[in-house]
Amino acid sequence: VAFDSSDITSTYDNYLMTFEDIQPGSGNVEMRMRLSIDNGSNYYDTGGDYRKICFAAVDNDSNGAVDSAYGTNEDFIMVAGNGQTCGNDAALQIDGHMYLYSLNSGAYKKLINYTVYGGPEDPPKFVYNGQYHLFDATQTAVNNIKIYFSSGTLANGKIKLFGLA
């Protein structure tokens, strides 16, 4: 799934992306995102293009711990799958939202993501995933966003992008 310059315009600096009933085509995958400044001809995909701070809580975890992950040398943005990969069980799909800040400004692009999804077990575990990502590669305006899975395709669901005034 990609949103291009017809969706990301100078009308809005900030955006809200929603994930509704997303089901990967296969289990044990991560949902990822990459950004482009040339309308998708090239995506930033090199280590160091993004930074992250992620927290994940999983129900039925024997020790009740919250997993965390930090990175300054990332080549993609993790949408869902930090701490535990996503499952493809239709009973508990990926649902959530992401705020994207200052996409059209000359400042660093800041991305905040909160996602809830089901793990790959049967039955799936309920996972809360709070993530903060920084697009660190350039200060140029972003005009294309690509959402993809670490393997496989999107089997079901909707991803929507809304401009925020």
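Cysteine 86 is buried in this predicted model, with a relative accessible area of 0%. Cysteine 54 is likewise buried, and its relative accessible area is 0%. The sulfur of cysteine 54 has that of cysteine 86 as its closest cysteine sulfur, yet the distance is 12 Å, which is too far for a bond. A disulfide requires the two sulfur atoms to lie within 2.5 Å. Cysteine 86 therefore takes part in no disulfide, since the nearest cysteine sulfur, in cysteine 54, is 12 Å away. Across the whole structure, the search finds zero disulfides.

Attention may now turn to the interior. In soluble globular proteins, nonpolar side chains tend to be buried together. Here the largest nonpolar core contains 30 residues, and the members touching the most others are Met17, Met31, Met33, Leu35, Leu100 and Ile145. Strand S2, spanning residues 14–24, makes the greatest contribution to this core, with four residues. Isoleucine 145 illustrates how such a residue is surrounded: beyond its neighbours within four places in sequence, its contacts include Met17, Met33, Leu35 and Leu100. Val1, Ala2, Phe3 and Ile8 are also among the residues in contact with isoleucine 145, as are Arg34 and Leu103.

The surface has a nonpolar feature as well. Ile53, Phe55, Val66, Tyr70 and Tyr132 form a patch there, with about 470 Å² of accessible area together. Strand S4 (50–58) and strand S5 (66–74) are the elements that each supply two or more residues to this patch. Tyrosine 132, another patch member, lies in strand S9, which covers residues 126–135. With a relative accessible area of 35%, tyrosine 132 is partly exposed.

Key. Residues numbered from 1 in each chain as written. Predicted model: local features only at pLDDT ≥ 70, side-chain atom pairs only at ≥ 80, totals over all residues. Heavy atoms only, no water. Core = buried A, V, L, I, M, F, W, Y, C linked by side-chain atoms within 4.5 Å. Buried < 20%, exposed > 50% of the residue type's maximum accessible area, 1.4 Å probe, protein only. Contact = heavy atoms within 4.5 Å. Patch = residues over 30% accessible without salt bridge, like charges linked within 9 Å, V, L, I, M, F, W, Y side chains within 5 Å. Areas by Shrake-Rupley, 256 points an atom, 1.4 Å probe, with all protein chains shown as cover. Salt bridge = Lys/Arg side-chain N within 4 Å of Asp/Glu carboxyl O.
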